[in-house]
Every structure is written in structure tokens, then in C-alpha cells.
Amino acid sequence: MDLRTWLGNATTAFGTWAGGFGEYQAHPALHVEDDKFAAAFAELTERLAGDNPYFHPRYAGQMQKPPHPAAVVGYLTTMLNNPNNHALDGGPATAKMEREVVAQLATMFGFGTHLGHLTSSGTIANLEALFVARETHPGKGIAYSAESHYTHPRMCHVLGIPSYKVPVDKTGKMDLNALDHLLSSEDIGTVVMTAGTTSLGVVEPIHEALALKEKYGVRIHVDAAYGGFHTLLAEPNGPWQAIARCDSVVVDPHKHGLQPYGCGAVLFSDPAVGRFYLHDSPYTYFTSEELHPGEISLECSRSGASAAAFWLTLKLFPLTRSGLGEVLAAGRRAALEFAVLIDESDEFTLYQRPELDIVTYFAGDSMSAIDKDSDRILHAGMTDPDDPVYVSTMRVTADAMTARHPGVAADVDAGRILRSVLMKPEEEFYVRQLHSRLTGLITGQERPRG
Ligand SMILES: *Cc1c(COP(=O)(O)O)cnc(C)c1O
């Protein structure tokens with residue numbers, strides 16, 4: 001699909017619909033001369049030139065990539081009228097689309113019943129899940145692993161919930177023996193498990209934690225903001241299937257669902273948790289007996305365009321292995337191939353084997369040298385004017401390093417290693433180039449031309 005054509009079609013479709021409501025006089029207060037706009041626009045594009053090329057496979061740094069053109073067209077077409085999914089009156093068409101996409105997410109996770117909605121981010125989605133955790137288990141604490149997203153301790157603080165950090169094993173996953181011990185000694189109501197940790201991209205053993213859920217009667221909330229859509233690639237009888245038996249789950253369509261920022265989602269398996277959101281707004285809900293989206297969300301105004309963009313995207317990339325799953329599988333293959341290239345090369349060592357599409361690696365044999373080289377590669381890569389390459393770094397403790405690589409000298413307590421998120425399917429065709437480019441940077445060699 002050609003974006004230029006379809007952006008034109010979007011404005012035409014909107015114009016046709018809008019025309020049905022009759023002529024009205026444009027207001028001069030909003031008038032902008034074309035040449036004045038051209039100048040401002042030129043300044044904008046100049047400012048944006050300083051950005052990193054998130055769309056290009058040479059950007060293999062953080063969790064960032066552009067939305068699919070279908071999402072762009074869906075968003076823009078809808079945004080021209082700017083529906084608000086706070087209330088059914090604010091966006092009847094898009095509120096319905098939101099309900100449909102949330103139902104599709106519920107099916108993907110195997111939820112039999114559900115209550116859920118889109119949010120503006122994974123942060124807000126997790127905040128809502130922890131809020132419901134507090135309401136269902138008042139006074140009780142929340143436990144999360146040391147590798148969970150920093151939003152969990154922060155939101156526990158916001159919500160005034162006692163929180164507990166569970167240590168991780170040497171693959172960076174919650175240590176269930178430590179969790180068992182914690183649950184037996186502290187008053188905990190909810191455990192947060194992460195499916196696709198932000199740094200290493202590992203999936204915590206949700207299926208094995210189900211026994212502890214039974215034993216202690218705790219709830220399990222799954223933070224699958226990053227990894228959630230990888231459930232489409234799941235092997236049987238693992239952590240992904242176990243999500244169906246958990247109490248809530250968060251997934252970010254703006255990470256692996258091809259959406260622009262502003263699209264997270266939270267789902268609860270028990271629709272009755274809707275009672276915790278009850279509020280009475282005298283002026284918003286008046287057209288329907290149905291539950292308005294704003295009645296089950298902590299956020300008020302929410303983008304209807306966001307729901308429409310995701311709805312349109314799922315028409316083309318349904319939540320199946322052969323639909324959106326194909327997109328994720330390519331990134332996963334890229335990560336596996338990148339790991340093999342690292343294994344076979346002398347310059348780099350794999351920090352640990354990738355489970356999803358995030359690869360962590362390093363060069364050197366002491367913590368201090370590894371840290372220095374990681375920083376050097378990060379900067380040399382992104383400042384090369386002719387052939388830039390973008391990776392990210394992450395801090396690991398010397399203990400975490402030596403647990404995986406006993407040969408590394410722990411001369412300092414912690415240091416940075418390299419990390420590449422290969423979440424674009426195009427990485428599959430670029431990964432050899434990426435590897436040889438990084439190898440060139442580490443050995444200080446001139447990169448091969450041509
Ligand atoms: C990205 C992420 C979040 C935060 O989500 P935002 O959409 O950035 O607010 C929370 N948890 C995990 C595991 C994440 O990867």
C-alpha cells in the first residue's frame with residue numbers, strides 16, 4: 001500500500017462524510033496561509049532531521065519502530081473527526097471498535113471472560129491492574145521480580161501499596177523458591193510476572209507460578225507490555241498458555257502491535273472488577289444503558305483514532321500465527337541468527353541466549369573493559385556520519401555477569417553491556433550486515449566499502 005495515495009484517500013473519505021452535514025463557514029481565526037505553513041513545516045522537518053532512524057534495520061537499539069502504514073491511515077482518517085473513547089457519545093463508532101479489538105486480545109490470551117480497554121500506555125495499563133489488585137486485596141502487598149519494569153515499584157508507591165522485590169535466577173527470571181518463601185512470610189495479595197522483560201526479553205515461569213497462586217490464594221498479574229504478542233508463537237504447555245489462568249494482563253499494541261504511541265491495553269479475567277471503577281459523572285453518560293468505556297477506565301479522554309488504527313491493523317494482521325505472528329517470527333529469527341553470528345565470532349560473547357527478539361552481548365573479559373567498549377561502540381556507531389549503526393547498552397551487575405560467565409573478571413561492581421532489540425521484521429535481512437558493522441567497530445577496522 002502506498003502511503004501517499006492512502007493519505008489522500010483518507011482526506012477524501014473524510015471530506016465525503018463531512019460534506020453530508022452541510023456547508024458551514026470556515027472561521028478566519030483558524031486560517032493559515034500556505035507559504036506561512038510551508039516555512040513552519042520546513043522548520044519542523046529540519047528539527048526532525050536530528051532523530052535516529054527508528055524505521056531502518058540499522059537502528060537496532062531500543063524498543064522502537066514506526067507504525068504500519070495501515071495504522072497511520074487508520075489513525076489519520078479517524079483523527080480528522082477526533083472521536084473520544086471516554087464515552088459512547090464521544091465516539092460511538094470507535095468505542096465499538098475498541099470493544100472488538102479488546103475481545104480479540106482476550107481471545108489471544110485465552111481469557112474465557114474478560115473486562116478490558118485500551119490505555120494510552122503500558123504504564124497506565126499496569127497502574128490500573130495494580131489499582132484493581134489493591135481494591136480486591138486491600139492492605140496486602142504486591143511482589144514483582146528484580147527484572148520487572150521500574151513502573152511496578154513506582155506505581156506501588158503512587159498507590160500506597162507495600163511492595164516486595166523477588167530476586168531472579170541466573171537467566172533473569174523470577175526465582176520461584178524465593179517467591180514461595182516470600183509468600184509464606186509476608187502478607188502479599190498479588191504477584192506481578194513479566195512475559196518479556198524489558199532488558200533481557202525473558203518470559204518468567206508463569207506456568208510454574210500457578211501452583212503458588214493455588215497454595216497462597218494470591219492473584220497473578222502478567223506484565224506482557226513488550227512480549228504479549230509473542231504468545232502467537234508460543235510452544236505448548238509453557239508460560240504463555242498459563243496467562244489464561246491469571247487475573248490480569250497488560251500488552252502494548254504500540255510496541256509489537258504495529259501501532260503509533262498512545263496504545264496500551266489492560267485486561268481482567270473477572271469482569272466484576274468493573275465495580276472498582278464506579279463513579280458518577282453527571283454530564284457525560286446519557287445515551288445508553290451499556291457500560292461506557294470511561295466507566296471502566298481511570299483515564300478520561302482517550303483517542304478514538306487509536307482504537308480505529310488498531311482495529312484496521314488487525315483486519316490485515318489478525319492475531320494468529322500466520323497473521324501478526326509472521327511479523328514477530330521474522331524478528332525472532334533475526335535474533336537467533338544474530339546470536340549464532342556472535343557465538344561464531346571472536347569479538348563478541350553472548351550475554352545470554354535470546355528468548356524473544358532481544359539480544360544481549362559484550363566484548364572483553366573484565367567488567368571494566370566490557371563497560372568501556374560497550375560505551376565506545378554505542379557512540380562510535382551512532383555518530384558515524386556515513387554508515388551509522390544504533391545499539392543500546394544496559395547495566396548489569398558483576399554478580400549477574402559472573403553467574404553467566406565465570407571467566408569475566410569482576411574488577412568493578414557493575415558495567416554496561418550491549419543490547420539490540422530486533423523487533424523489525426526487516427532485521428532478518430540485515431542481521432549479517434549489522435554483525436559485521438559491529439565487529440568492525442570493535443576491532444577499529446575500516447568497514448568494508450561497497
Ligand atoms: C514498555 C514496558 C512498560 C511500560 O509501558 P509504556 O507503554 O512504555 O508506558 C511496562 N512493562 C514492560 C514489561 C515494558 O516493556
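Trainee: Hi! Which residue stands opposite Leu418 in S11?

Mentor: That would be Tyr361. Keep in mind that this is a predicted model.

Trainee: Okay, and how do S9 and S11 run where they are joined, parallel or antiparallel?

Mentor: Strand S9, residues 358–362, and strand S11, residues 414–421, run antiparallel, and four bridges join them.

Trainee: What sheet do they belong to, and in what order do its strands come?

Mentor: It's an open sheet of four strands, ordered S8-S9-S11-S10, with antiparallel pairing. Strand S8 (349–352) and strand S10 (392–397) are at the edges with a single partner strand each, so one side of each has no neighbour in the sheet. From one strand to the next, the twist averages 45 degrees.

Trainee: Nice. Which helix packs on that sheet?

Mentor: Helix H13, residues 367–383, does, and it touches S9, S10 and S11. The direction of H13 makes about 40 degrees with that of S11.

Trainee: Switching topic: what's the strand order in the sheet with seven strands?

Mentor: You can trace it as S1-S7-S6-S5-S4-S2-S3. This sheet is also described as open, and its pairing is mixed.

Trainee: How many bridges pair S5 with S6?

Mentor: Three bridges, with strand S5 (residues 219–223) and strand S6 (residues 248–251) pairing in the parallel sense. Look for Asp223 there: it stands opposite Val250 in S6.

Trainee: And what does helix H4 touch when it packs on this sheet?

Mentor: Helix H4, residues 92–108, touches S1, S6 and strand S7 (264–268). Its direction makes about 115 degrees with that of S1.

Trainee: Let's go to the ligand. Which residues come nearest to it?

Mentor: There are 14 residues around the ligand, and the nearest are Thr123, Asp223, Asp252, His254 and Lys255.

Trainee: How much of the ligand does the protein bury?

Mentor: The protein buries 88% of the 380 Å² that the ligand exposes when taken alone.

Trainee: Which element gives the largest share of the shell?

Mentor: H5, with three residues. Helix H5 (122–136) and helix H10 (253–256) are the elements that give two or more.

Trainee: Last one: how many shell residues are nonpolar, polar and charged?

Mentor: Two are nonpolar, nine are polar and three are charged.

Technical notes: Residues are numbered from 1 along each chain as its sequence is written. This is a predicted model: local features need pLDDT of at least 70, side-chain atom pairs count only at pLDDT 80 or more; totals for chains, interfaces and linings use all residues. Side-chain values use heavy atoms; hydrogens and water are left out. A residue is near a molecule or strand if one of its heavy atoms lies within 4 Å of it. Accessible areas come from the Shrake-Rupley method with a 1.4 Å probe; for residues, only the protein chains shown count as cover. Ala, Val, Leu, Ile, Met, Phe, Trp, Tyr, Cys and Pro count as nonpolar, Asp, Glu, Lys and Arg as charged, and the others, Gly among them, as polar. Two strands pair if DSSP finds at least two bridges between them. Axes are lines fitted to C-alpha atoms, for helices over the stretch in contact, and angles run from 0 to 180 degrees between N-to-C directions. Contact means heavy atoms within 4.5 Å.
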